[in-house]
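Open your viewer and get ready to select a few residues at a time.

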Amino acid sequence: MKYYLIVGEASGDLHASNLMRALRREDPEAEFRFFGGDLMTEAGGVCVRHYKSLAYMGFVPVLLHLRTILRNMDYCKNDIEAWNPDVLILVDYPGFNLKIARYIKLHTQIPVFYYISPKIWAWKEYRIKNIKHDVDAMFSILPFEVEFYQKYNYPIHYVGNPCVDAVAAFREGFSESFDEYVSAHQWGKKPIVALLAGSRKQEIKDNLKLMIQAAQNFPDYQFVVAGAPGIEPEFYRQYIDADTEIVFGETYRLLSHATAALVTSGTATLETALFRVPQVVCYYTAAGKLVSFLRRLVLKVPFVSLVNLIAGKEVVTELVAGDMSASAVKRELALILPGGKKREQMLEDYGNLIQILGEAGASERAACQMLQALEAYRKKLYT
């Protein structure tokens with residue numbers, strides 16, 4: 001069968017690539033065409049557009065690149081119709097994907113599946129109307145989303161979280177010692193604090209410099225930045241000092257050896273927890289006090305990190321908007337380093353979180369359930 005996928009960022013590229021491999025195991029004749037990234041290209045198929053040409057974040061960047069975004073959207077609609085896949089699979093990225101879903105639903109009989117739900121439970125809850133109208137099946141990776149969608153009488157498939165798969169796959173056969181790791185990079189023997197400052201340039205610019213300022217208060221540790229895919233090393237060097245190291249393409253390897261981490265909110269917070277690395281969630285925004293006030297008015301959930309949302313309580317400290325400063329990072333980091341008051345409780349809570357997420361196999365479950373849903377859709381269409 002023919003599968004058309006659309007992702008808009010690095011985490012979607014990772015999860016979609018694993019889904020593609022799982023689909024091919026179930027359907028050896030599978031053909032893929034996609035708006036995606038390098039990992040999806042490695043999985044096989046035709047990359048129509050790289051997600052970097054789509055990944056604009058915030059009002060001003062979107063406005064400045066609106067013509068490009070609309071041009072890509074028109075091309076995507078036409079390309080889907082011309083290729084006529086058996087199913088369209090959308091991965092998160094709701095601003096773009098829900099518009100594509102509406103068009104495909106109005107103009108074709110191609111079934112529309114959604115893998116990794118838009119975070120409408122956090123804000124823009126009104127998008128449930130679009131989803132119910134335009135999306136034939138939703139495949140969720142967060143357990144609390146099942147109850148959320150039940151409120152709107154919209155049944156979804158919970159398949160487990162692909163981060164569990166990714167971490168488990170990395171750990172299988174991984175045996176590198178700390179000494180081997182630091183020796184390979186010619187670093188010293190001090191314990192490592194990992195800095196995961198986001199995947200977009202604006203996030204990195206806003207957060208990394210504050211992380212580095214806080215790091216200067218911990219001379220007994222070495223700080224290592226996990227470089228994001230597609231961001232050039234020169235961009236990072238504007239914000240890091242001579243004592244800070246940076247690595248690319250080895251975030252999981254870094255987390256395997258980290259004593260603690262400073263993490264910008266997103267999928268990385270969950271991955272850090274799965275590696276059982278105590279963390280502080282850091283997300284700076286301009287006009288922080290105003291944003292903190294608006295956050296209380298706009299957001300429908302009490303937390304921003306996936307760790308806390310899944311656990312249903314504050315497991316990791318969130319320094320967001322007006323709460324994010326170098327002094328606050330310094331204070332909270334001290335509490336999760338060895339001997340800190342929050343460290344052991346956080347590690348215990350991680351264990352409970354991992355139990356909630358369940359076993360690996362999300363990509364395989366998603367692939368199987370998608371094929372079952374596709375068969376059910378066809379029966380409904382032709383009977």
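This is a predicted model: local features need pLDDT of at least 70, side-chain atom pairs count only at pLDDT 80 or more; totals for chains, interfaces and linings use all residues.

Residues are numbered from 1 along each chain as its sequence is written, and side-chain values use heavy atoms, with hydrogens and water left out.

**The core.** Select Leu5, Ile6, Leu88, Ile89, Tyr115 and Leu208: of the 131 residues in the largest nonpolar core, these touch the most other members. Such a core is a set of buried Ala, Val, Leu, Ile, Met, Phe, Trp, Tyr and Cys residues joined through side-chain atoms within 4.5 Å; buried means under 20% relative accessible area, exposed over 50%, and partly exposed in between (1.4 Å probe, protein chains only). Now centre on Ile89. Leaving aside neighbours within four places in sequence, Ile89 is in contact (heavy atoms within 4.5 Å) with residues including Tyr3, Leu19, Phe113 and Met370.

**Helix α10.** Helices here are DSSP runs (H or I, at least four residues), as are strands (E, at least two), numbered from the N terminus. Select residues 201–215, helix α10. Buried residues of α10 include Glu203, Asp206, Asn207 and Leu208. To see what covers the buried residues, show β8 (192–196), β9 (222–227) and α16 (326–336), among others.

**Helix α8.** Next, select residues 162–171. Asn161 caps the N-terminal end of α8, with a side-chain oxygen 2.9 Å from the backbone nitrogen of Cys163. Cys163 is one of the buried residues of this helix, as are Pro162 and Asp165. After α8 comes Gly173, with a positive phi near 85°.

**Rings.** Show Phe170 and Phe174. Their ring centres are 4.7 Å apart and their planes at 35°, so the pair is tilted; rings of Phe, Tyr and Trp (its six-membered ring) pair if their centres lie within 6.5 Å, with planes under 30 degrees apart stacked, over 60 edge-to-face and the rest tilted. Then select Phe148, Tyr149, Tyr152 and Tyr154, which ring pairs link into a cluster.

**A loop residue.** Finish at Thr244, in the loop between α11 and β10 (245–248). Thr244 is buried, with a relative accessible area of 8%. Not counting residues up to four places away in sequence, Thr244 touches Leu195, Ile212, Phe223 and Val225.

Methods. A polar contact is a pair of N or O atoms within 3.5 Å; within protein, one must be able to donate a hydrogen and the other to accept it, and residues adjacent in sequence count only if both atoms are side-chain atoms.
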